[in-house]
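I opened the notebook to look up charged contacts and metal sites. My entries follow the structure shown here.

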Amino acid sequence: MYSRKNQRNLTRTEKKRLVGAILELKRSGRYDDFVSMHRHYYVTDAESRPRPAHMTPSFFPWHRRYLLEFEKALQAVDPAVSIPYWDWTRDNTPAASLWAADFLGGNGRPGDRQVMTGPFAYQEGNWRISGGVTGDHFLRRNFGRPSAPVTLPGRADVDRALRDPVYDAAPWNSVSTTGFRNRMEGWDIRGTRGISNHNRVHRWIGGSMAGAASPDDPVFWLHHAYLDLLWTRWQKAHPRSRYLPGRALGAGDPQRGRVFAFDERMPPWDVAPSQLMDHTRFHRYV
Ligand code: CU
Ligand code: CU
């Protein structure tokens with residue numbers, strides 16, 4: 001049993017060892033395998049294929065397993081390491097220690113948005129990412145997106161999601177207007193509420209974090225560890241609530257075969273949401 005800590009409480013040594021393990025996974029090619037997996041499962045609800053990871057009820061269990069797999073890879077390099085969480089409602093400025101040169105490095109520079117500080121800066125020689133649409137191989141960030149400003153979500157946004165006692169609701173996708181899952185995942189395709197929580201954090205960081213290859217930025221893991229922690233808080237707040245849908249959707253449901261019910265197994269691990277409800281089997285949050 002190990003602990004996941006708030007990143008703001010990590011010692012200098014803990015940060016160094018985490019960064020060291022991440023860089024070793026990058027060097028061996030395993031890190032990029034994780035990025036590829038995320039790209040592969042970035043299926044939107046405009047497509048009719050099954051979507052285990054995004055715009056879907058299994059957003060939480062899929063990412064829980066994805067983080068556990070990544071953590072296992074980190075621990076194979078250094079058994080003392082775990083994924084810390086970033087509480088973006090609290091450490092919510094570019095001056096937070098998260099972005100210091102001894103940890104994740106800072107914002108991108110004006111113009112090309114290239115991250116110039118910290119261990120993941122391109123010129124350090126250890127962090128080359130695949131080009132994507134721009135063809136650039138450096139990590140990019142664009143805090144707050146000055147051209148069309150976006151703010152980080154706050155405590156009230158998180159609490160609004162946590163208060164909803166229903167896990168998810170039809171149509172089980174990005175336009176579900178109620179339910180904890182989409183309130184926290186934060187889609188607003190119809191454009192009436194504004195993107196929120198999880199999605200707004202991706203958007204606030206911008207650059208590499210804004211697309212399907214978002215794990216290219218190591219802050220991805222700390223962001224999703226916090227979402228995983230928020231899921232445990234929702235479970236605790238609503239002990240009688242259950243993951244939904246509880247069983248496979250009916251024949252007439254347009255989402256049938258596209259979303260994963262409680263006992264339906266998700267790729268690539270062939271594991272059902274029901275097997276991922278209890279994080280205390282793996283670790284605890286401190
Ligand atoms: Cu994701
Ligand atoms: Cu995400």
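Entry 1. I began with aspartate 159, which is partly exposed at a relative accessible area of 28%. My classes are buried for under 20% relative accessible area, exposed for over 50%, and partly exposed in between, with a 1.4 Å probe and protein chains only.

Entry 2. I noted the conventions. This is a predicted model, in which local features need pLDDT of at least 70, side-chain atom pairs count only at pLDDT 80 or more, and totals for chains, interfaces and linings use all residues. Residues are numbered from 1 along each chain as its sequence is written, chains are lettered from A and ligands numbered from 1 in the order in which they are written, and side-chain values use heavy atoms, without hydrogens and water.

Entry 3. Which residue does aspartate 159 pair with? I found arginine 155, in a salt bridge of 3.4 Å from N to O. The term means a side-chain nitrogen of Lys or Arg within 4 Å of a carboxyl oxygen of Asp or Glu. Arginine 155 and aspartate 159 sit 4 residues apart in helix 4 (residues 155-163), so about one helical turn separates them. Helices here are DSSP runs (H or I, at least four residues), numbered from the N terminus. Arginine 155 is partly exposed too, at 33% relative accessibility.

Entry 4. I looked up helix 5 (residues 180-185) next. Glutamate 185 and arginine 181 are 4 residues apart in it, which means a separation of about one helical turn. They form a salt bridge, with 2.8 Å between the closest N and O atoms. Are these two residues buried or exposed? Both glutamate 185 and arginine 181 are buried.

Entry 5. I checked aspartate 270. Its side chain meets that of arginine 265 in a salt bridge, 3.3 Å from N to O. Aspartate 270 is partly exposed at 48% relative accessibility. Arginine 265 is exposed at 54%.

Entry 6. I then searched the whole structure and got 19 salt bridges. Arg4, Arg64, Glu71 and Asp228 are linked in a network of them.

Entry 7. I turned to the copper ion (ligand 1). Which protein donors does it have? I listed His38 (NE2), His54 (NE2) and His63 (NE2), at 2.0 to 2.1 Å. Donors are N, O and S atoms within 2.8 Å of the metal (3.2 Å for Na, K and Ca); water is not among the atoms, so sites may look incomplete. The donor residues are spaced H-x15-H-x8-H in sequence. Histidine 54 is buried, at 4% relative accessibility. Histidine 63 is buried, at 4%.

Entry 8. I noted the distance from the copper ion (ligand 1) to the copper ion (ligand 2): 4.1 Å.

How values were computed:
Helix = DSSP H or I, 4+ residues; strand = E, 2+ residues; numbered from the N terminus.
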